[in-house]
Amino acid sequence: MKDKAIYLLLILFLSITTFFYLNKVFSFHFVDEDHNFALGKYLLQGEILYRDFFTNHQPMETIGSALIQKSTNPPNIAQLVKRHRQAIQIYMLIGYGILVFYFGKKVIPFIVIFELSRFYLLGNLFLSETLIIFPLLILEGLTVWSPKPSKLSHFLFGLSLIWSFFLLAPMWPLLIFITAVYLNKIKSTVKENIIFIVLGIILALISVMPFIDIEGYFRYAILSNLQYTVAATSYFGPW
């Protein structure tokens, strides 16, 4: 009974914050969103990322924008922005639901703190930094909290790993570390379960590969960033 009350309060809390966020869809403008909207439109015109147009960003946010534009067909720029901000809120609610379903009430403190603060962290905007939150949390939760990894958890790990990889390149060192810890955690059963991790990886790759040019990806998203972006921020220090 106590748990049911906690979950009902969580639903009420998220209903209130959702009302707030959906009434603030035009509250802030950020240039990286424009980048994602424009490239998503190019994808819908049959063009290929890193071949027909240049970007040094990862591809998943562009693919996500194309999906939103295809399914909602916004008639003007205002509606384009609105639909993406609405999609982010739906994405958040689905993500919270997955976290609670899979990891239980231990994630509720995070949900409350993050939901109250993410507006000030630009977490209501259609950005890769927003989209990576849930695949990254799933990876961390499976590594830290999941006491008995299952076939589903291995599949989710592979899926979330590749989606995180194609969302935000600065997370790659963390992804390598998480993968090493997870594989060490399941080392006694890795031979039997590696197939489920691979299946998750394959599904994630299928969702990305048709939209990108591999050679162009390495040239623009990796080599170009190493050559120009990293060099331009070198005043922060070697790390």
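So, is L199 buried, exposed or partly exposed? L199 is partly exposed, because its relative accessible area is 41% (buried is under 20%, exposed over 50%, partly exposed in between, with a 1.4 Å probe and protein chains only).

Quick caveats. This is a predicted model: local features need pLDDT of at least 70, side-chain atom pairs count only at pLDDT 80 or more, and totals for chains, interfaces and linings use all residues. Residues are numbered from 1 along each chain as its sequence is written, and side-chain values use heavy atoms, leaving out hydrogens and water.

Back to L199: you'll find that one in helix α10 (helices are DSSP runs of H or I, at least four residues, numbered from the N terminus).

Next, helix α5, residues 108–117. I108, I111, F114 and E115 are buried there. They sit on the same side of α5, because they cover an arc of only 135 degrees around the axis (the arc is taken from the directions from the helix axis to the C-beta atoms). On the other side of α5, I113 and L116 are exposed.

Now the rings. We've got 17 aromatic pairs in the structure (Phe, Tyr and Trp rings, the six-membered one for Trp, with centres within 6.5 Å; planes under 30 degrees apart are stacked, over 60 edge-to-face, the rest tilted). Y21 and F119 make a tilted one, 6.2 Å centre to centre with 45 degrees between the planes. Y21 is in helix α1 and F119 in the loop between α5 and α6, so this pair ties together parts 98 residues apart in sequence. Both Y21 and F119 are buried. F165 and W172, by contrast, are stacked, because their ring centres are 4.4 Å apart and their planes are at 5 degrees.

Notes: Helix = DSSP H or I, 4+ residues; strand = E, 2+ residues; numbered from the N terminus.
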